[in-house]
Amino acid sequence: MHSGRQAGYTFMALGLFFLGIYLLSAYGNHYYQRVGNLMMIYVILTVSLNLSSGIMGISSLGQIGFMAIGAYVAAILTLPPGLKERWLTGLPHWMHSIQTGLLPAMLLAGLLAAVVAFLVGIVILRLQGVFAAVATLGFLIIVKVIAENWMTVTRGGRGLSALPAYTNLWWTSTAAVVTIYAVWRILKSPHGRSMIAVREHDLAAQSVGINAPKIRLLAFVISAFFTGIAGALWANLIGVVSPGSFYLWLTLLIIIMMVVGGMGSVTGSVISAVGFTILLELLRGFENKIAMYGISYIIFAVVFLLMIIFRPEGIMGDREFSWRNVRRIIPLP
Amino acid sequence: MILQVTDLEVFYGNIQALHGISFNVEEGETVTIIGSNGAGKSTTLLTIAGLLKPGKGEIKYLGTSTKTLPADRIVRRGISLCPEGRRIFSSLTVYENLIMGAVQRRDRKKIRADVKWVLSLFPDLNSRLDQAGGTLSGGQQQMLAIGRSLMSRPKLLILDEPSLGLAPVLVNQIFNVIATLKNDGTTVLLVEQNARRALEIADRGYVIETGRITMEGSSTFLKSNDQVKSAYLGG
């Protein structure tokens, strides 16, 4: 199929997607908008985790630590100056009077998460497999402990509240599209092939001249950047950040989303994040109706178990969406 | 002299794998290292390629030391190792596998020409360019692995057990390609358990036993040596 035509389809699909976003923003009720926002944030988290874990093969349990860093950076930047002065006495004075909008907060959140990933990665990425998993989990714990105890900057366990609700569907959906596009482009680039090569055979990859530590660090840092942005969006959506929000539940949730979607498949991550967000919301409704609280988590876990048993490679394996394949099923013009 | 290894010692933790080995390879030569399992052949090759860090000793390539260089810099200098056990990238296509071999090169036109050249050496791969590497047979995977290591256009090609586990027909095919490369002037350092075939194709050889070089000489000398005969050539 002609590549110009494929681009045309892609633009049309994007047009339809943003039309949907417009309709939801204009006519959807608050609940649907909130679910839509969460869905887009989960898409960003899952796709960026897939870059470092699925595509690059770093067993990371610390991804949500980068989300926490992003969320706190955005929270501190967007918190109203009065509250900042009262709560965050540990900040330098010039920062008390600053209150940024969402875009600078997002970018700085991503950047700081990336810088931390760079520093942490230099050390942690020397480890592999289960050792890397334990070390990244250690990182997550450290982030949480710092957030809990750095009273004059994070306000400890009470968290930062009264954040302006900047996040809306336009921000989250645009950030999700940018993340998907960026990770997709990386996957299809020579860097992406190098990542797959290092994942599959570290030694062979190095013997053809790939700088394996460098490429692993690259995947880790880019992944942390987008995860930090997701943290910023989350902070200004929920309006509160506290240490407990960014811990094991979210860590497990995005790992499950990635694995069920297919490790290595961007398409799979998107499908899975969208699907699980809807499933979780439906289950929550069901739970309230029958008044058996907690049952949604059990059903969620069973879905995951069944998937691991009957389709361990996930929904998509490592395959990707292509218009060519769509055309085989639906006759497109 | 393209490669000169002097008194090389390598450790795995506390265990010493190489006890000071010395050998050299001249430009245009084919040199083989023979020895049994665990003698230190692969260790030697991995160290030359920068994938293992040496203890004492020196590795000189084209007159300068490569002892402390990381693997990717060594590839850039012109040394290419085709590691033991194929190790192709199974989820990448055959074509992508070949391209990965040229990951440090930027001359796109020449890379495309070199893909054609590799395919002329291994015509079996021609019809399988879009297939995932993991779907190839063992012999085809070995050809792909050798082809991939040729894509960096090495001055020194290092082959670790290229005939391991292959049917005799395929072993012939692989050795024919090595002979072609040799005739084209590529310098080859070959490690083999199939000592007979290795000595047939090589100009010179070294025998390595428990981390030490115990014998060296021209292939004709080694082939007629009684010790080599009984230990490696099956009497």
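Two strands count as paired if DSSP finds at least two bridges between them. Strands themselves (E, at least two residues) and helices (H or I, at least four) are DSSP runs, numbered from the N terminus. Keep that in mind while we walk through this predicted model, where local features need pLDDT of at least 70, side-chain atom pairs count only at pLDDT 80 or more, and totals for chains, interfaces and linings use all residues. Residues are numbered from 1 along each chain as its sequence is written, chains are lettered from A and ligands numbered from 1 in the order in which they are written, and side-chain values use heavy atoms, with hydrogens and water left out.

Let's start in chain B. Strand 4 (residues 58-61) and strand 5 of chain B pair in the antiparallel sense, over 2 bridges. In that pairing, B:Lys60 stands opposite B:Ser65 of strand 5. Both strands belong to an open sheet of 4 strands in chain B, with the order 2-1-4-5 and antiparallel pairing. Strand 2 (15-25) and strand 5 (64-65) of chain B have a single partner strand each, so they stand at the edges, and one side of each is left without a neighbour in the sheet.

What lies in the loop between strand 4 and strand 5 of chain B? One residue there is B:Leu62. B:Leu62 has a positive phi of about 50 degrees, although it is not a glycine. That's worth a second look, because most residues other than glycine have a negative phi. With a relative accessible area of 39%, B:Leu62 is partly exposed (buried means under 20%, exposed over 50%, and partly exposed in between, using a 1.4 Å probe and protein chains only).

Now move to the other sheet of chain B. This open sheet has 6 strands in the order 6-7-8-3-9-10, with mixed pairing. At its edges stand strand 6 (79-82) and strand 10 (212-218) of chain B, each with a single partner strand, so one side of each has no neighbour in the sheet. From one strand to the next, the twist averages 15 degrees.

Find strand 3 (residues 30-34) of chain B in that order. How many of its residues are buried? The count is 5 of 5, so to speak a mostly covered strand. B:Thr30, B:Thr32 and B:Ile34 point one way from strand 3, while B:Val31 and B:Ile33 point the other way. On one side, strand 3 of chain B runs parallel to strand 8 (residues 187-192) of chain B, joined by 5 bridges, with B:Thr32 opposite B:Leu190. Strand 3 also pairs with strand 9 (residues 204-209) of chain B in the parallel sense, over 4 bridges. Here B:Ile33 stands opposite B:Tyr206, and B:Ile34 has B:Val207 as its bridge partner.

Over to the aromatic rings. Rings of Phe, Tyr and Trp (its six-membered ring) pair if their centres lie within 6.5 Å; planes under 30 degrees apart count as stacked, over 60 as edge-to-face and the rest as tilted. By this rule there are 13 aromatic pairs over all chains. One of them joins A:Tyr9 and A:Trp323, a tilted pair at 5.2 Å centre to centre with 50 degrees between the planes. This pair links distant parts of the chain: A:Tyr9 is in helix 1 (residues 3-27) of chain A and A:Trp323 in helix 16 (residues 323-329) of chain A, 314 residues apart. A:Tyr9 counts as buried at 6% relative accessibility, and A:Trp323 counts as buried at 15%. A:Phe17 and A:Phe18 make an edge-to-face pair, 5.1 Å centre to centre and 70 degrees between the planes. Ring pairs also link A:Trp249, A:Phe276, A:Tyr297 and A:Phe300 into a cluster.

A charge sits over a ring if NZ of Lys or CZ of Arg is within 6 Å of the ring centre and within 35 degrees of the ring normal. The charged end of A:Arg155 sits over the ring of A:Trp87, 3.7 Å from its centre. In chain B, B:Arg148 lies over the face of B:Phe89, at 4.5 Å from the ring centre. A:Arg155 has a positive phi of about 65 degrees although it is not a glycine, and it lies in the loop between helix 8 (151-154) and helix 9 (169-188) of chain A. At a relative accessible area of 14%, A:Arg155 is buried.

Conventions. Axes are lines fitted to C-alpha atoms, for helices over the stretch in contact, and angles run from 0 to 180 degrees between N-to-C directions.
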